[in-house]
Amino acid sequence: MSYPVLKGVGYALVNTPDMIVHNGTTQTTEKIVNPESEYLKVIGDHIRKYEEVLNYAPNQVYIGNMKPEDLRGMEMPWADKGAKTAERFGKFGEIMPQDEFILLMKNADAFELVVLEKEFTEKTRTKLGAHPLYANEAAELPEGAELSVIEALVADHAEAIYNDGKLVGCVKRAHDVDTNLTAHVLFENLVVKASGILAFKHLIATNGFNVEDVDYVIECSEEACGDMNQRGGGNFAKSIAERVGAINASGSDTRGFCAAPVHALIEAAALVQAGVYENVVVVAGGATAKLGMNGKDHVKKGLPILEDVLGAFAFMIGKNDGVNPVIRTDIAGKHTVGTGSSPQAVITSLVAAPLDRNGMKITDIDKFSVEMQNPDITKPAGAGDVPEANYKMIAALCVKRGEMERTQMGDFITNHGMMGWAPTQGHIPSGVPYLGFAQHDLTEGDLNRVMIVGKGSLFLGRMTDLFDGVSVVIERNSGVTEEASSVSHEEVKNMIAEAMKDFAAYMLKE
Amino acid sequence: MLVLLGAAEAEASGLAAETVTNGDPTYAGSLAGVSLGLRVYHVVEPEFKEAVNADVYEEQIGMMEMVLDVDGIIEEMKTIREQFCKF
């Protein structure tokens, strides 16, 4: 069996300070239920500048300028400690500022729904024109509109777009009565599309891929696009493929809350291994709704609002090239309907069961990438350290299975785990932020086998209260791209000849 | 009647325990200012562990017992019970 490989990654963060206040649901809800609240009065003092967002260690890890190991020794909170580097661009992608991203939203807009102010457009067009991946898009942007036009549209159901506290544009609604085509929904969907395009472009550019070689795209964020007759009809994937010039690609959307990226990874690997497609890209954009989700707790603790970036990623799965790490589609775990919800049952089904089926031990996995939420964000909000909790559970399962002593749990967590660095954007932390490092660790590095685990809570959609999760192992490539077929051509010829002879003898007898 | 908790850490356990004994400390829900004084235990406390089938306990909770800060939870639960439990 020839396994598919992880060919490359692209990661992007977008710093969106104004969108925290105007589009994050914690803030928009507060404006409705408690408009005079102290939180809304002081929130402006807790929003970081772009330079501070760059100079934040977890963000630099996300784009590949720092390694997950660099976070291990850093004293928390990380927010005031700075980073080793405060670069905008990194090995895997970039951290884009809000003004340029607003032009990306216009670029992503296929239905003239985004209207930007004239002066803002021209000023930012020059800035975006210097971007290595967006020079053409910047030049092609249409002229902006007068501010008065935008003010009138905002007064008539359009969703405002702010930059530096000023109105600079809006997203119009696309229908008078359809709640699925309101300006708010279209705003969120255009953000997903635009940030997905950004990560996709980085994937193609940094790896030197030819975008026309992409056969299929799977989008796996948490938004839904469609109208009142098909709320989640889709297809973000194809709309992103179109904008990046993937003219030979089709695509579709995969949903599964926070677990969707790992579902998509397994699906992409299966499509390639089955020979349906040669190169499949998995992509996801970011969610404005989750900006400042834990903002109240951060403000209460005197911290800046740390959920100030949108997250996006893209990665490509392709045919075995004998070099890149292989996706072991035969070592995949799943939380089934019958699994149950106790932590023990969940970890057993995702981690131990697929390894047992392949005669492996938990300790045979060098590194686990679980939900890699940045603990600097979650701990002050009372949600604990999510990756650490997962590693503790995996370690405890190891002890229960007699694979190691209880006293070794601490070492196991350090050696087989990592500190989290991903923004709490739901699907973004789901195992896949490690793929970029995994590609290195399993080729030039010294690891041989890693497991990617995605987990999700389905109750939020009110269709089931089941838990969900899937996992898959990625392994160092043995260098053998095609295992010898068990039956040679010569043997097949002989078998057919034998069968023909038998048939002839049977006919003669008749 | 008793209330059984399964929260993942001491502070959250204490909050839930206080809610069903002294009343909701956050004044957010229907038990704000209502002191029920109920018996309340966390599943990792010895009182509960000794009362149930050891195999079932091991299967359902054994792993989490290794993961959670059991001593911290027990201490928090005891403090709440000593202060507010009426039974």
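Two strands are taken to pair if DSSP finds at least two bridges between them. Helices (H or I, at least four residues) and strands (E, at least two) are themselves DSSP runs, numbered from the N terminus. The structure is a predicted model, in which local features need pLDDT of at least 70 and side-chain atom pairs count only at pLDDT 80 or more, while totals for chains, interfaces and linings use all residues. Residues are numbered from 1 along each chain as its sequence is written, and chains are lettered from A and ligands numbered from 1 in the order in which they are written.

In chain A, β4(A) pairs with strand β5 (residues 166-171) in the antiparallel sense, over five bridges. Within this pairing, A:Leu167 of β5(A) is the bridge partner of A:Tyr162. The two strands form a hairpin with two residues between them, and A:Asp164 in the turn has a positive phi of about 50°. One face of β4(A) is covered and consists of A:Glu159, A:Ile161 and A:Asn163, whereas A:Ala160 and A:Tyr162 make up the uncovered face.

A further positive phi in chain A, near 75°, belongs to A:His157, a residue other than glycine. A:His157 is located in the loop between α10 (147-155) and β4 (159-163) of chain A. Burial was assigned by counting the other C-beta atoms, placed from the backbone, within 10 Å of a residue's own: 20 or more for buried, 12 or fewer for exposed, and partly exposed in between. A:His157 has 13 C-beta neighbours inside 10 Å and therefore counts as partly exposed.

Cis peptide bonds occur in two loops of chain A. The bond from A:Met76 to A:Pro77 is cis, with omega near 0°, and A:Pro77 is found in the loop between α6 (68-72) and β2 (93-96). A:Gly234 and A:Asn235 are likewise joined by a cis peptide bond, with omega about 20°. The loop that holds A:Asn235 runs between β6 (216-219) and α12 (236-244) of chain A.

The interior was described through nonpolar cores, each a set of buried Ala, Val, Leu, Ile, Met, Phe, Trp, Tyr and Cys residues joined through C-beta atoms within 7 Å. In soluble globular proteins, nonpolar side chains tend to be buried together. The largest nonpolar core holds 155 residues, of which A:Val217 and A:Val282 touch the most other members. Helix α11 (residues 183-207) of chain A gives the most to this core, with 14 residues. Two residues are in contact if their C-beta atoms, placed from the backbone, lie within 7 Å. Neighbours within four places in sequence left aside, the contacts of A:Val282 include A:Ile218, A:Pro261, A:Leu265 and A:Phe315. Another core lies apart from the largest one and has eight residues, among them A:Leu291, A:Ile305, A:Leu306 and A:Ile377.

Chain B contains five helices and two strands, in the order β-α-β-α-α-α-α along the sequence. Its radius of gyration, taken over C-alpha atoms, is 13 Å, close to the 12 Å that the globule rule gives for 87 residues, so chain B is as compact as a globular protein of that length. The globule rule is 2.2 Å times the number of residues to the power 0.38. Along the principal axes, the C-alpha atoms of chain B fill a box of roughly 40 × 25 × 20 Å. Of the 87 residues, 26% count as buried. Among contacts in chain B between residues at least 6 apart in sequence, 61% join residues at least 24 apart.

B:Val20 is buried, with 22 other C-beta atoms within 10 Å. Not counting residues up to four places away in sequence, B:Val20 touches B:Val3, B:Leu36, B:Leu38 and B:Val40. B:Val20 and B:Ser35 are 15 residues apart in sequence, yet their C-alpha atoms are 7.1 Å apart in space. B:Tyr27, by contrast, counts as exposed, with 9 C-beta neighbours inside 10 Å. Although B:Tyr27 is not a glycine, its phi is positive, at about 50°.

The contact between the chains takes eleven residues from chain A and eight from chain B. On the side of chain A that touches chain B, α15 (343-357) and α17 (386-400) each supply at least two residues. α17(A) gives the most to this side, with six residues. The residues of this side of chain A divide into five nonpolar, three polar and three charged. In this classification, Ala, Val, Leu, Ile, Met, Phe, Trp, Tyr, Cys and Pro count as nonpolar, Asp, Glu, Lys and Arg as charged, and the others, Gly among them, as polar.
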